[in-house]
Amino acid sequence: QVQLQESGPGLVKPSQTLSLTCTVSGASITANYYYWAWIRQSPGKGLEYIGYIPYSGSTYYSPSLKSRISISRDTSKNQFTLQLSSVTPEDTAAYYCAARNVNPVYDYWGQGIQVTVSS
């Protein structure tokens with residue numbers, strides 16, 4: 001069973017860079033056909049796809065956030081990370097890491113971490 005756990009700060013000041021880490025257990029992040037994603041949900045809004053890093057190590061970023069995001073991985077720790085720069089209060093959201101395999105639906109989710117952008 002794949003399990004994911006987000007970690008990082010709950011409060012970030014405007015203009016700073018938000019860094020979140022997802023620690024994975026139950027599967028290697030380099031295992032074939034796994035896709036590891038970051039998804040967020042702002043208050044009163046639906047889920048927003050931020051981007052993903054698949055087993056190959058390449059990345060995909062949402063066009064609307066592409067200029068501010070970076071997703072990377074540490075295979076020695078079986079973790080992948082999100083960095084979101086120049087944050088504003090509009091980036092306040094619950095951030096989730098999620099995973100899927102051959103199924104196009106994300107089957108595995110972390111519990112989520114609430115991040116507030118405020119001075």
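This is a predicted model: local features need pLDDT of at least 70, side-chain atom pairs count only at pLDDT 80 or more; totals for chains, interfaces and linings use all residues.
Q: What makes Cys22 and Cys97 a disulfide?
A: Their sulfur atoms are 2.1 Å apart. The cut-off is 2.5 Å, so the pair qualifies as a disulfide. A search of the whole structure finds 1 disulfide.

Q: Which parts of the chain does the pair link?
A: Cys22 lies in strand 3 (residues 18-25) and Cys97 in strand 9 (residues 93-100). The two are 75 residues apart, and the pair thus links distant parts of the chain.

Q: Why is the disulfide of Cys22 and Cys97 called right-handed?
A: The torsion about its S-S bond is about 65°, so the disulfide is right-handed.

Q: Why does Cys22 count as buried?
A: Buried means under 20% relative accessible area. Cys22 has 0% relative accessibility, so Cys22 counts as buried. Cys97 also has 0% relative accessibility and therefore counts as buried.

Q: Why is Ser42 classed as buried, and where is it found?
A: Ser42 is found in the loop between strand 4 and strand 5. Its relative accessibility is 9%; because the limit is under 20%, Ser42 counts as buried.

Q: What does the side chain of Ser42 reach?
A: The side chain of Ser42 reaches the backbone oxygen of Thr92 at 3.5 Å. A polar contact requires N or O atoms within 3.5 Å, so this distance is accepted. Leaving aside neighbours within four places in sequence, Ser42 is in contact with Glu90, Thr92 and Ala93.

Q: What makes strand 4 and strand 5 a pair?
A: Pairing takes at least two bridges. Strand 4 and strand 5 (residues 47-54) have 7 bridges, in the antiparallel sense. One of the residues involved is Trp38, whose bridge partner in strand 5 is Gly51. The two strands form a hairpin with 5 residues between them, and Gly44 in the turn has a positive phi of about 75°.

Q: How many bridges join strand 4 to strand 9?
A: Strand 4 and strand 9 pair over 7 bridges, in the antiparallel sense. Arg40 stands opposite Tyr95 in strand 9.

Q: What makes the side chains of strand 11 alternate?
A: In strand 11 (residues 113-117), Ile113, Val115 and Val117 point to one face and are buried.

Q: Which sense, parallel or antiparallel, applies to the pairing of strand 2 and strand 11?
A: Strand 2 (residues 11-12) and strand 11 pair in the parallel sense over 2 bridges. The threshold is at least two bridges, so the pairing counts. Leu11 stands opposite Thr116 in strand 11. Strand 9 and strand 11 run antiparallel and are joined by 3 bridges, with Ala94 opposite Gln114.

Q: Which residues touch the most other members of the largest nonpolar core?
A: Of its 29 residues, these are Leu4, Trp36, Trp38, Phe80 and Tyr95. The elements that give two or more residues to this core include strand 3, strand 4, strand 9 and strand 11. Leaving aside neighbours within four places in sequence, Tyr95 has contacts that include Leu18, Leu20, Leu82, Ile113 and Val115. A second, separate core of 5 residues includes Ile39, Tyr52, Ala98 and Tyr106.

Notes:
Residues are numbered from 1 along each chain as its sequence is written. Side-chain values use heavy atoms; hydrogens and water are left out. Helices (H or I, at least four residues) and strands (E, at least two) are DSSP runs, numbered from the N terminus. Buried means under 20% relative accessible area, exposed over 50%, partly exposed in between (1.4 Å probe, protein chains only). A polar contact is a pair of N or O atoms within 3.5 Å; within protein, one must be able to donate a hydrogen and the other to accept it, and residues adjacent in sequence count only if both atoms are side-chain atoms. Contact means heavy atoms within 4.5 Å. A nonpolar core is a set of buried Ala, Val, Leu, Ile, Met, Phe, Trp, Tyr and Cys residues joined through side-chain atoms within 4.5 Å.
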